[in-house]
Amino acid sequence: MASTLRFNGRVVLVTGAGGGLGRAYALAFAERGASVVDSVEEGEKIVKTALDAFGRIDIVINNAGILRDRSFSRISDEDWDKIQRVHLRGSFLVTRAAWDHMKKQKFGRIIMTSSASGIYGNFGQANYCAAKLGLLGLSNCLAVEGKKNNIHCNTIAPTAGSRMTQSILPEDLVEALKPDYVAPLVLWLCHESCEENGGLFEVGAGWIGKLRWERSLGALVRQRTQPMTPEAVKANWTKICDFDNATKPKSIQESIGSIVEALNKINSGGEVSANPTSRATSATTSEFARAIGHKFPPLYSSYAELDTIMYALGVGASIKEPKDMKFIYEGSSDFSCLPTFGVILAQKSIMNGGLAEIPGLSINLAKILHGEQYLELHKPIPRAGKLRCEAIVADILDKGSGLVILVDVYTYSGEELICYNQFSIFVVGSGGSGGKRTSDKAKAAVAIPNRPPDAVLTDTTSLNQAALYRLSGDWNPLHIDPNFASLAGFDKPILHGLCTFGFSARHVLQQFADNDVSRFKAIKVRFAKPVYPGQTLQTEMWKEGNRIHFQTKVQETGGIVISNAYVDLVPASAISAKTPSEGAGLQSTLVFEEIGRRLQGIGEEVVKKVRAVFEWHITKGENTAAKWTIDLKTGSGKVYQGPAKGSADVTITLSDEDFMEVVLGKLDPQKAVFSGRLKARGNILLSQKLQMILKDYAKL
């Protein structure tokens, strides 16, 4: 037999407990160990009584009510106000008085009492119906707001014999509708083991049924280039009212998601697709087969150094850390793109409405969560360029509570593969169709070692972190708009998961690869909890060979926000082994060698005129291909391959092709600077002397 549901240690407040339902509730709770405080009126004050007597308040049953039945035209202001005051305002005042105490103790159960009259309407009860349906709206809101603090709020619409119904129901029916047949539902909904939240239940005579909203598929009654008219509404009325393929929305997010989908259809000239919830929920394995292998349209995107710098700042790179300069200053001698910028390029290919076009599935965008992420680099990401992303649905998994859609994205520069991403997208509430639960195509997350971390790095995010990160292309208002965040159940806008991802990867790269992007091979993470801008991210890392396991916490709360994660690094020895001889195949190499030879006879004279060390970074295909130093500061001067052995007075970066054009006089250096083709840092005035030297002594 099932164990008895007990309420030992719980404090219960029941309003309207003078008889009928309220009395039945009070007796039932007390019989099962609860401390019960009941009230006929003045429910708000009785909360203080409960706190004074027992030190806590766990359960509130809003049951008090009266009737003032009149046909609509005969309802007086007093009749209206009295009903609203007792039913709706009374429940509001009692619940508000208990709310903060429930939040502090991280537990609360609340029952609102509605009525079939409020749900369906009833002649002569306009005042009562309005109040009773108002209680449902209040309950729905409290269910959303209280969820994160383990406060559940549900609504019942009981049919029971009571003082209010004795005058309108036959005596034998009143006896059959005992309050005792309602109390068991209330007790279950209020038990700590019950996860029901935001539900609406009709109950009476031993029968219980749950209600939900249903919405027709609807119709688009306007087109992108034409006005919306009443005639268009009339013409589509049958379709608007057709409940075939009806949706069953459970949240405002689902409602908004459907509107957004409709707007996208209007903009694209399409039609409203069938129910995203019911179709995805009832999807069969044959429908999965239609979806698996679906290719998204190729996406071409260009980016500049400004975009990579903006991304680096968005994931916490800062001038406070000198080693970060290579990611945020394009004039740095080793300017590089952070490896995790690869997700930005790939994300655009599936955020561009592609998820809604997967055949066999219709996805409600309001119900998707980013579950896991994998990124693998085949070569360092160029500092700027034009890339092509090709995305494909790799597999679909049925996790029961939802579907996991694996989307693989391949990013190319021309025909060369730059990086590969796998997005694990969780569609809430769309599982249960019996599909497979695992896939050999999924990049698996890996548990962290069972020992203290080898290294820990922290970074405090800025209050503007989400506002800054979104400039890289994720415009979801959840991360910037407090009202939208509130609708999603958050106290304020949250940080992008991929922003936390970027912070964590940067920590690993800094700690174990000295910010050498060529050593970054792959990263896998699982997103666990949200982060609020302003919180401190703490990355704990374990080194096992070339794999760095890590997890990321919010330091202030200790909560894990990224779990079962790792970064794979390329061994430093492997980088050295496969690096070709610097300067091989570059035209500039011949020039530097010739300058070195010519300095042998005139070096001392040149050194007297210049007194400076020049470091050159020659690029090929947006990457540094060679470094040369012209030392015209000491002795008779010298030219050698590699960075300056001391400190350079001027560092100049330009491509091999542009270098040759400068030397041959086809490209004016000053114009090259203004156009961004030549970058110089340090004492730039000294570069004018170098120009003179090149002209006078290096005419090749």
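This is a predicted model: local features need pLDDT of at least 70, side-chain atom pairs count only at pLDDT 80 or more; totals for chains, interfaces and linings use all residues.
T340 is buried, because its relative accessible area is 3%, and the cut-off for buried is under 20%. Show the loop between α14 (325–328) and α15 (341–351); T340 sits there. Now display its surroundings. Setting aside neighbours within four places in sequence, T340 contacts Y311, L375, F501, G502 and A505.

Next, go to helix α18, residues 497–513. The largest nonpolar core has 71 residues, and α18 supplies the largest share of that core, nine residues. Within this core, select L361, V407, I523 and F550, the residues with the most contacts inside it.

Stay on V407. Which residues does V407 touch, not counting those up to four places away in sequence? Colour F296, I350, A391 and I392, then N421, Q422, F423 and I425.

Now move to another core.

Select A205, in the loop between β6 (200–204) and β7 (207–211). Its phi is near 60 degrees, a positive value in a residue other than glycine. A205 has 48% relative accessibility, so it counts as partly exposed.

Then select N245. Look in the loop between α9 (237–240) and α10 (252–268). Is N245 buried or partly exposed? N245 is partly exposed, because its relative accessible area is 46%. Phi of N245 is also positive, near 60 degrees, and this residue is not glycine.

Definitions and conventions. Residues are numbered from 1 along each chain as its sequence is written. Side-chain values use heavy atoms; hydrogens and water are left out. A nonpolar core is a set of buried Ala, Val, Leu, Ile, Met, Phe, Trp, Tyr and Cys residues joined through side-chain atoms within 4.5 Å. Buried means under 20% relative accessible area, exposed over 50%, partly exposed in between (1.4 Å probe, protein chains only). Helices (H or I, at least four residues) and strands (E, at least two) are DSSP runs, numbered from the N terminus. Contact means heavy atoms within 4.5 Å.
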